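Morning, everyone. I'll walk through one structure today, piece by piece. Please keep the viewer open as I go.

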Amino acid sequence: MTRSSAPRTLTWPGAVTAIALAAGALAGAPASPAAAAGEDRPTYLGRSLYTGEFHAHTSVSDGAELPPDAYKHVHDETDADFFAVSEHDVMWDIRNGDDFVDDWRDADSAEWRYLHESAARFNADQKDLVAVPAIENTWYDGTGHINVFDTDWHVTARATEKGSVDGYGNAFGTGDMKYDYFTFLARLKQDPDAIGQFNHPSTKDKGDFFGFKGLDPVVDDRMDLIEVKSADAVGEFQKALDAGWHLAPTWNGDEHSATWVSGNPSITGVWAKGHSLDALYAAMRDRSLYSTADTNAVLGFGGNGSLMGSILPGDTTSLDVELRLADPDAKDSFTSARLVTNGGAVAHDFGEISGNDLTLKTRLDVRDGDFYYVRADQADGNFLVSAPIWIGKTTRGANYAPRITVPGGFPATARYGDTITLPQATAVDDSGTRPTVTYEVYDSAGEVPVSAGAFRIRSYDDAFVVVKATDNLGNTNAELLRIQVSQEAPDPAGVFRFGSNASVGEEPGSAGIAVTTDRDVKQVYAQVLPEGSDDWSKAEVLTSANDRPYEVDTVGNDEPVRQHSITGQTLRSHEFRPTGLKVGTTYRFRFGVARDGRAPAATDASAWTDVRGRFLAGGAKGEPVYILGDVQVPDGDAGELTLPGRVLDQLKSRTPGGGTVIQVGDLVDRGGRGEKWAEIHDSFLSKLDLQYAGLVGNHETYEDLDYDAVGRQPSAIFTNMFALPRNGVIGESNYSFDRGDIHFSVLNSNARLDEQLDWLVDDVRASDATWNVVVGHFSYYGGRHAGDGGMDIDRDKVTRVLDQLGVDLYVGGHDHVYKRSTIYDGRLAKTPEEEVAGTTFVTMGSSGPKFYDNQKFWWDDKVFDEDVQMGGVLKVTDAGLRLSTYTIDGRLVDEVTVAKPHGSWKVSSAEIKSRELKGVGLLSSRGSLDRVTVMAATYDNA
């Protein structure tokens, strides 16, 4: 379907007018026009018909493109009136912590804000299609998936895979441990505007919500919809209705490709009072919907003048039913129509029918607890299902979960360190039994220990008590009690988590300092003071900037399978960027917390931590720079975690005076795991007395579930651990900095290499440094990983750009072996002249416990393959730029000096073009002439 430029219309011979006339007659009102003012669409019982979908995905989760692309496609290619993007909760950039936000604009998740902003922007620019922002809560334990609409808050399901029936193992390994299905329903109960939809219910696939348990009168009012897309789903719909839920059916595409609505031959029909987001939400709450496998088939269903979805009084004894069916396609004749009631019984069969425009009527004797919905079939096998009409508020035979009563007086607020006593809640059940009440306590880090009926407030984020009761049929209810932790006069000893390391600044005399707190701590403070001075009153009080949320995995309970045990803990990173430091001076720093909502006085000892770190302000000319290879300690072994520090000590003893250490990536084994960062901070980073320049390795990306759909700054966890320079093109994982006569350019080997290489051209050309060094995690001329998929293409790109720019040295890691190669004209240099004109690549061996045997390649020249930790010292000498590599026990592995030629020359743009550099799109507009730096290497093969 393609939207025409004329007013949108749904017309077919006789159908529109017939529906309108029949509706008027049924309601006892005069015949109405066939459509709402200014439109030509079916009307029925005071409502107009709109069609669309409530469930689809883009690349914000696991679909294609982005929400604006989806809205535009549906607008341009279909006649849909509304369309919802409902992304999987487990794939948001920030999954946890926004579960009680009052305004989506204040949410920590940039993607959640973006989804709402893009929908609002689209809706403001046109009137044809209503864009609907939503979320799909996704369990892997047999629960199923649930869409939620019209909330400013969002939650993440407890994303375990224990008991999963969908055959799709949980690859996400994160979630909010408190939000199992029943606690999620408890959160829904607290928002009267929330609208829920049971997605694709099945006992064999995604899950059936434990047989639709958890029924509660309040949550029943929130769960309004259920997907009905197949014969099996009709059975699940019946099961849910019999369980007591009041639900309307929907038919959605659940698209994960760029075929939203256009690739789906089915649709949801909505009888609404207008074409707006508010009118749509109102219709969803009224449950005035039907599902249809035919996009232009119309179903109008009323009883006693009330529309489908209505709940009639319990003393109603008869129901005058009118059913209107229409389809403009001659081949889509209706062949049957039935009224289905409790237990799946057919309350009335209209018999053999035929035609495309039908009005069917009957009268039913009814009683309290009944419900009736329509199933209509067409000649081509398609079918339509309506929302029911209910008699009385409670369905006969419904099994409600126990009713829980929490006595008053339970605290809504507390202070850090307080001890909270659990409430003495009670529960009653419609079975007459008294269910046992249980308690679970959570905060942002997972489950909180409870002892003697009490627990301690251990963070500045919210704490939650989940009260549960289960009846004798396994039906559970839950209540969610929230405790907000006071931010007034916070205790600095409890505010700051791991972090507090000093990084390089863009220029000598500058630095970056990062520290992590609980997410609810919005801003913190720091002071930097020269070593030897004790007068903090003379140090400036710095206010944190770039106070960004990020998320790590934290063990949440003691289940033996880690995938069942973890939660996504949202933290907040705070950055400080002191400048004006005296190069060669050692500084120490401390952190502070607000007092009366303002920066603390330097003299207020209660607001400040002890000294949290020291660093030498590096960058003097001739100062050595230390380089460490991969660390990557997988099991947290205390001895192995000391290895990089011991290597660094050896380098400092061999060539003292350095103020900077570069680590080439894979500092941690699993970048998504908070405990791995805590381990390396405790054992290595916190003990550094110099400035740190880190790189993103592939292991930093493992379990970092930042999908980078909106922010375009990959490696979120790494980025928030450090306050690195912000002069790159893809965020702080790509940056450059100067140290004496050396300019360092850092690449993120994992993401968007072409963009970074374009940036590198400009970055190196803008540098006035004598020496240019590029570092990245992938070595390109290494060992075991050099044959990985796509490495050959990237190797060629990187080599040509470095050759073009005359970069003096490239240092990488990744292959856990030491190797050095000089590449000339795409091959290993063979003569001294070629070595002078070529580019030297170094693969730095491990500074941690992991090693690979060398895999031989044509570029192998200098190779050191012992399983021993090592690191390098880079220093400018009279002879040139020297890289000396030593083992942890002090042996010299290799030494190479990169020297400038006795003369230099310019390469014309024509020559560059002849070498096919310009063809890869990497030349800057700054000019067509480039200096070629010539490198001469000396070898020590001892």
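Is strand β30 mostly covered or mostly uncovered? Mostly covered: 8 of the 9 residues in β30 (residues 496-504) are buried. Buried means under 20% relative accessible area, exposed means over 50%, and partly exposed is in between, with a 1.4 Å probe and protein chains only. Strands here are DSSP E runs of at least two residues, helices are H or I runs of at least four, and both are numbered from the N terminus.

Some ground rules. This is a predicted model, where local features need pLDDT of at least 70 and side-chain atom pairs count only at pLDDT 80 or more, while totals for chains, interfaces and linings use all residues. Residues are numbered from 1 along each chain as its sequence is written, and side-chain values use heavy atoms, with hydrogens and water left out.

Back to β30. Its partner is strand β31 (residues 511-518), running antiparallel, with 6 bridges joining the two. Two strands count as paired if DSSP finds at least two bridges between them. S503 has G512 in β31 as its bridge partner. Together β30 and β31 make a hairpin, with 6 residues between them. In that turn, G509 has a positive phi of about 90°.

A parallel case next. Strand β42 (residues 742-747) pairs with β43 in the parallel sense, over 6 bridges. V746 stands opposite V775 in β43. β43 (residues 771-778) is mostly covered, with 8 of its 8 residues buried.

Now the sheets. Strands of a sheet pair through backbone hydrogen bonds, either parallel or antiparallel. β12 pairs with β11 (residues 298-303) over 2 bridges. G302 stands opposite L307 in β12.

L307 turns up again with S288. That serine is in the loop between α8 and β10 (289-292). S288 counts as buried, because its relative accessibility is 1%. Leaving aside neighbours within four places in sequence, S288 is in contact with R47, G269, V270, W271, A283, L307 and M308. Contact means heavy atoms within 4.5 Å. A283 sits in helix α8 (residues 277-286), and is buried there along with A279, L280, Y281 and M284. R287 follows α8, with a positive phi near 60°.

Another open sheet has 5 strands, ordered β22-β29-β28-β25-β26, and its pairing is mixed. The edges are β22 (413-414) and β26 (446-447), each with a single partner strand, so one side of each lacks a neighbour in the sheet. β25 and β26 pair antiparallel over 2 bridges. Y442 stands opposite E447 in β26.

β25 (residues 437-443) also holds V437. V437 counts as buried because its relative accessibility is 19%. Beyond neighbours within four places in sequence, V437 is in contact with A425, T426, A427, V467 and K468. How far is V437 from Y525? They are 88 residues apart in sequence and 44 Å apart in space, C-alpha to C-alpha.

On to a helix pair. Helix α2 (residues 67-77) and helix α3 (residues 110-125) pack at about 30°, with axes 9 Å apart. Axes are lines fitted to C-alpha atoms, for helices over the stretch in contact, and angles run from 0 to 180 degrees between N-to-C directions. On the α2 side, P67, P68, Y71, K72 and H75 meet Y114, L115, S118, A119 and F122 of α3.

Last, the cores. A nonpolar core is a set of buried Ala, Val, Leu, Ile, Met, Phe, Trp, Tyr and Cys residues joined through side-chain atoms within 4.5 Å. The largest has 69 residues, and F83, F198 and W245 touch the most other members. Helix α4 (residues 181-189) gives the most to this core, with 6 residues. A second, separate core has 61 residues, including L724, M844, I888 and V893. As for F83, contacts beyond four places in sequence include E53, A56, Y71, L129 and W260. Y71 is also one of the α2 residues that meet α3.
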